Amino acid sequence: MPFLGQDWRSPGQSWVKTADGWTRFLDEKSGGFVGDLSSFCKKEDHNKENLFNSLNYDVAAKKRKKDLLNNKAKIQCKMSGHFLKTFFRERMESRHGYCTLGEAFNRLDFSSAILDSRRFNYVVRLLELIAKSQLTSLSGIAQKNYMNILEKVVQKVLEDQQNIRLIRELLQTLYTSLCTLVQRVGKSVLVGNINMWVHRMETILHWQQQLNNIQITRPAFKGTTFTDLPLCLQLNIMQRLSDGRDLVSLGQVAPDLQVLSEDRLLWKKLCQYHFTDRQIRKRLILSDKGQLDWKKMYFKLIRCYPRKEQYGDTLQLCRHCHILSWKGTDHPCTANNPETCSTSLSPQDFINLFRF
């Protein structure tokens with residue numbers, strides 16, 4: 001058939017069968033030969049090409065618009081990120097003169113502070129808090145300075161043979177944290193080569209071994225000892241101890257001290273010193289005699305609540321000058337009443353200054 005391959009619904013085509021075959025007739029409506037499809041096909045191809053070009057143009061225009069919006073968004077994010085970083089940096093500097101915990105740790109003289117017995121416990125507690133959660137926030141120089149100060153602390157304890165348990169706990173906390181962090185070195189949580197940190201961990205183990213090998217010798221002098229004092233004075237001195245573990249250790253020295261270390265009033269005052277009445281009421285323990293067992297209550301309370309911290313000397317923040325300094329050292333404050341502008345900071349308060 002002559003219309004095979006053509007759209008039979010197309011208008012204006014007329015065919016007649018003659019002796020020579022099928023012949024195309026003139027379309028009366030269109031005024032031309034219907035069979036002449038070349039011009040029509042060219043027109044259709046031209047329209048399709050124009051449509052294709054217009055679609056390509058629309059797609060390209062949308063893509064350029066999208067890229068432009070993305071670039072603007074990236075620029076705004078970078079600007080906002082830089083603005084926030086600058087804002088918080090200036091805010092930190094305006095609060096206490098330091099931008100980061102590592103900068104404050106490097107500039108404040110903690111190396112000489114450990115030589116002062118009034119500041120020793122404060123520095124050790126600060127080192128412990130940094131080892132627990134803030135070690136990764138220190139810069140490479142600050143981490144090196146941290147290890148140098150820790151080495152001086154250990155050497156001081158080995159020489160004086162005092163605060164041994166305190167440093168053991170510090171080293172154990174630091175070693176536990178490093179064991180967790182070294183496993184994540186691939187995620188850049190520590191500054192430096194992994195071999196350097198493995199060497200530092202081996203050094204910590206060596207320090208722990210040295211502390212365990214300390215042999216405390218009894219002083220060779222004749223005179224009045226602690227057990228020679230009256231019982232009331234012995235009990236009065238024992239009430240000055242703020243750590244229940246020291247009371248237990250003291251009770252292991254002699255049988256008479258063992259009896260004093262079990263005094264109910266002594267443990268009651270210790271519980272009331274560290275904890276509030278509400279905390280105590282939640283952890284009541286009765287003995288076999290139906291009385292409150294203050295010793296057991298104390299060791300149960302320290303597992304549930306933080307103990308009260310006391311230090312001979314602390315860092316203080318001047319709200320007027322925005323300067324950090326030790327409590328025992330005066331700085332040239334320009335306020336009318338400098339004493340009212342200073343706020344004592346615990347080790348945790350010091351770390352909280354750098355959180356935002």
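One cut-off before you click: a residue counts as exposed when its relative accessible area is over 50%, and as buried when it is under 20%. Also keep in mind that you're looking at a predicted model.

**Stop one.** Select D293 and K296, whose side chains form a salt bridge at 4.0 Å, N to O. K296 has a relative accessible area of 52%, so it is exposed.

**Stop two.** Now pick R165, E169, D243, R245, D246 and R307 together: salt bridges with shared partners link these residues into one network. Within it, zoom in on D243 and R165, where the N to O distance is 3.4 Å. D243 sits in the loop between α8 (231-238) and α9 (244-251), while R165 is in helix α6 (residues 164-182), so this contact ties together parts 78 residues apart in sequence. Colour by accessibility and D243 comes out buried at 10%, whereas R165 is partly exposed at 30%.

**Stop three.** Select R125 and E309. Their side chains make a salt bridge of 3.2 Å, N to O. What does this pair tie together? R125 belongs to helix α4 (residues 117-134) and E309 to the loop between α13 (294-304) and β5 (315-318), so the pair connects parts that lie 184 residues apart in sequence. R125 is partly exposed, with 23% relative accessible area, and E309 is partly exposed as well, at 36%.

**Last stop.** Zoom out and show every salt bridge: the structure holds 14.

Conventions. Residues are numbered from 1 along each chain as its sequence is written. This is a predicted model: local features need pLDDT of at least 70, side-chain atom pairs count only at pLDDT 80 or more; totals for chains, interfaces and linings use all residues. Side-chain values use heavy atoms; hydrogens and water are left out. Helices (H or I, at least four residues) and strands (E, at least two) are DSSP runs, numbered from the N terminus. Buried means under 20% relative accessible area, exposed over 50%, partly exposed in between (1.4 Å probe, protein chains only).
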